[in-house]
Amino acid sequence: MKVRPPSKSFKSLLKTYSMIILGALLTAISIELFLYPNSLIDGGIVGISLIIGRYTKPDLIPLYFFFLNLPFIYLSYKHIRKSFIIPMGVAIVFFTIFLALLKNGPKFHGDPLEIIVLGGAILGIGVGLIIRFGGCLDGSEILGIIFNKRYGYTVGQVVLIFNIFVFAGYALISLDWHVGVKSLLTYIVAFKMIDLVIVGLDEIKSVSVISGKSEEIAKKVLKELGLGLTVTPGRGGFSGSNTDILNIIVERLDLAELKDLILDTDPKAFISITNVYEVLYGSTAYSKAKLRSKRSRRTAKK
């Protein structure tokens, strides 16, 4: 029997679609005011639309983008999930509208580095907001998801290969490899900015500790650092001995203090550290805000 996910409240839906629309606006600002006036393009279907528009009718770029994405909306309906169509459709429709409204807006002309950094940053923030709140703006990402399911390639690999062909094709058509390289650099800036928007500036770490003094370490982590942890029973694969594995979620700023505490207690402890993008506790996001509040309370006690 299938279990339906809980429906979102009106406030949650309003926030979600407001952020997607804001992301579409920022993306359109980057394209129309920064990149296109300086002969640069974005990757994916947006880039293909800009190339077609540059050599046909620039005023039709919003329509090119909209109609080129229609097949990918259908693919997302068939191969991903039906609920994905609504946020994707909202992002595409509003991005198309904003492109049309901004075509006569003030264009930014300046140093190539300024254009790449500013245009790429605004583009990355816009796309990052759309992705973070469950939307999608470009059909190349749909292809990436489908290839990931069928052939095992990551979404990032598929999108990168797709965009390399787009940028290389633009350089060949325009007979100017400089615009292709500058467009690729803009894409790289945007890609890193997308990561910052989705992941955030504060990194959260998951720390796993295997030690013969796990009980003593657990008490110190709880008492001295004020961090929560989970104790999981384990067994050594080589030795066969039973041992407890400690799992701790910690902010990057507290990581050095945690490692010192563990190694001071047991210099032979095995520590594994991995990046965590988000931690959920029940239905409430339990990541940076609560971790910061714990650190503040600990500092106050000291």
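**A walk through the model**

Analyst: Serine 39 lies in the loop between α1 and α2, where helices (H or I, at least four residues) and strands (E, at least two) are DSSP runs numbered from the N terminus. This is a predicted model, in which local features need pLDDT of at least 70 and side-chain atom pairs count only at pLDDT 80 or more, while totals for chains, interfaces and linings use all residues. Residues are numbered from 1 along each chain as its sequence is written, and side-chain values use heavy atoms, with hydrogens and water left out.

User: Is serine 39 buried, exposed or partly exposed, and what is its phi?
Analyst: Serine 39 counts as partly exposed because its relative accessibility is 28%; buried means under 20% relative accessible area, exposed over 50%, and partly exposed in between, with a 1.4 Å probe and protein chains only. Its phi is near 65 degrees, which is a positive value in a residue other than glycine.

User: And what about leucine 175, where is that and what is its phi?
Analyst: Leucine 175 is in the loop between α7 and α8, and its phi, near 55 degrees, is also a positive value in a residue other than glycine. With a relative accessible area of 78%, leucine 175 is exposed.

User: Zooming out, how many helices and strands are there in the protein chain?
Analyst: The protein chain has 11 helices and six strands, and 40% of its 302 residues count as buried. Of the contacts in the chain with a separation of 6 or more, 71% are between residues 24 or more positions apart, a contact being heavy atoms within 4.5 Å.

User: OK, so which residues touch the most others in the largest nonpolar core?
Analyst: That core has 48 residues, and Ile31, Ile41, Leu50, Phe65, Met88, Phe95 and Ile142 touch the most other members. A nonpolar core here is a set of buried Ala, Val, Leu, Ile, Met, Phe, Trp, Tyr and Cys residues joined through side-chain atoms within 4.5 Å. At least two residues of this core come from each of α1, α2 (44–54), α3 (61–79), α4, α5 (112–132), α6 (139–151), α7 (155–174) and α8 (177–199). There is also a second, separate core of 15 residues, which includes Val207, Ala218, Val221 and Leu227.

User: What does isoleucine 41 touch?
Analyst: If we leave aside its neighbours within four places in sequence, isoleucine 41 is in contact with Leu35, Gly47, Leu50, Ile51, Val166, Phe167, Tyr170 and Ser183.

User: Two of those are in α2, I think; how many of the residues of α2 are buried?
Analyst: Eight of the 11 residues of α2 are buried, so this helix is mostly covered. They are Gly44, Ile45, Val46, Gly47, Ser49, Leu50, Ile51 and Gly53, and these buried residues pack against α1, α3, α4, α6 and α7.

User: How do α1 and α4 cross?
Analyst: The axes of α1 (residues 10–35) and α4 (residues 85–101) come within 8 Å and cross at roughly 40 degrees. The axes are lines fitted to C-alpha atoms, for helices over the stretch in contact, and angles run from 0 to 180 degrees between N-to-C directions. The two helices are therefore oblique to each other, since angles under 35 degrees count as roughly parallel, over 145 as roughly antiparallel, 65 to 115 as roughly perpendicular and the rest as oblique.

User: Switching topic, where is threonine 265, and what is it in contact with?
Analyst: Threonine 265 is in helix α10 (residues 252–265), and it counts as buried because its relative accessibility is 5%. Beyond its neighbours within four places in sequence, threonine 265 is in contact with Lys213, Glu216, Ile217 and Lys220. The C-alpha atoms of threonine 265 and isoleucine 217 are separated by 6.6 Å, although the two residues are 48 apart along the chain.

User: Last one: is isoleucine 194 buried or exposed?
Analyst: Isoleucine 194, which is found in helix α8, counts as buried at 16% relative accessibility. Its contacts, leaving aside neighbours within four places in sequence, are Gly124, Val127, Gly128 and Ile131.
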